[in-house]
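Visitor: I would like to learn how to read the helices of a structure, one feature at a time. Could we begin with a pair of helices that pack together?

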Amino acid sequence: RTDTIYMEALNAMLLSDKRKAVNLLSTLVKNDSEHVSAYLQLGNLLRYEDTDRAIKIHQMLTVRQKLDKETKIEIFKALALDYKKINQLSKSKIEAEKILDFDKANLWANEFLLSLAEETEDWDYAEKKARELKKVKSFNGEVNLSKYTLQKGIMLLKDNNFLESEKLFRKAIIDSPAFAMPYKYLGDIKYANRDLVKAVEY
């Protein structure tokens, strides 16, 4: 009844009956230790109430032999989400990057890594990921690369490095003339240097 139990578990998940789904999947993996999809879904369900157990389940799957590419990608995706749940962002990044070893154009992995870079304020990596994301055919959004140039300039400005930060703000304006924020920070620099005419202009 392996397939029947798995279908019942999926139906329970669709109906948001998490407890029933966990019970069914737990029963299934006890009877069929080779059912990788059941382990994967069980770990996903446990992520928010028992993250450590979810990680152990998903880590155990990484050593399985003869898994197809799609399954491996789903396992690394699950681990990336597990680690993000407990705020271990460096480990989350490592797992998401493993997906790109199998599929460089994976939309989920590229978007996830970009969001991690923004969250950790790793602006060089964010810019790199944003450039790669723009090349992904299935990506339909817009990416403003000047946003990352701006953020790097802001970090230099916080260290009172006016000269280098001004260069980055000017570069952001050249790349995206309609992007307002670089003008604001150039105005701040001019104001700090008592060049009030230029400050007003920006």
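Guide: Two packed helices are described by the angle between their axes and the distance between the axes. Here the axes of helix H5 (residues 69-85) and helix H6 (residues 89-102) come within 7 Å and cross at roughly 165 degrees, which makes H5 roughly antiparallel to H6. On this scale, angles under 35 degrees count as roughly parallel, over 145 as roughly antiparallel, 65 to 115 as roughly perpendicular, and the rest as oblique. The axes are lines fitted to C-alpha atoms, for helices over the stretch in contact, with angles running from 0 to 180 degrees between N-to-C directions. Helices themselves are DSSP runs (H or I, at least four residues), numbered from the N terminus.

Guide: A word on the source: this is a predicted model, in which local features need pLDDT of at least 70 and side-chain atom pairs count only at pLDDT 80 or more, while totals for chains, interfaces and linings use all residues. Residues are numbered from 1 along each chain as its sequence is written, and side-chain values use heavy atoms, with hydrogens and water left out.

Visitor: Is the crossing of H5 and H6 left-handed or right-handed, and which residues of H5 meet H6?

Guide: The crossing of H5 and H6 is left-handed, a term used if the near helix is turned anticlockwise from the far one by less than a right angle, with clockwise giving right-handed. The residues of H5 that meet H6 include Ile-73, Phe-76, Leu-79, Ala-80 and Tyr-83, and among their partners in H6 are Leu-89, Ala-96, Ile-99 and Phe-102. Contact here means heavy atoms within 4.5 Å.

Visitor: Is Ala-96 buried or exposed, and with which residues is Ala-96 in contact beyond its neighbours within four places in sequence?

Guide: Ala-96, which lies in helix H6, counts as buried at 0% relative accessibility; buried means under 20% relative accessible area, exposed over 50%, and partly exposed in between, with a 1.4 Å probe and protein chains only. Leaving aside neighbours within four places in sequence, Ala-96 is in contact with Ala-80, Ala-109, Phe-112 and Leu-113. The C-alpha atoms of Ala-96 and Phe-76 are separated by 6.2 Å, although these residues are 20 apart along the chain.

Visitor: What is the relative accessible area of Lys-129?

Guide: Lys-129, placed in helix H8 (residues 123-134), has a relative accessible area of 2% and is therefore buried. Setting aside neighbours within four places in sequence, its contacts are Leu-100, Asn-110, Leu-113 and Leu-114.

Visitor: At what angle do the axes of H2 and H3 cross?

Guide: The axes of H2 and H3 come within 9 Å and cross at roughly 145 degrees, and this crossing is left-handed. Among the residues that meet are Ala-21, Leu-25 and Val-29 in H2, with Tyr-39, Leu-42 and Leu-45 among those in H3.

Visitor: What is the phi of Arg-194, and where is Arg-194 found?

Guide: Arg-194, in the loop between H11 and H12, has a phi near 60 degrees, a positive value in a residue other than glycine. At 61% relative accessibility, Arg-194 counts as exposed.

Definitions and conventions. Helices (H or I, at least four residues) and strands (E, at least two) are DSSP runs, numbered from the N terminus.
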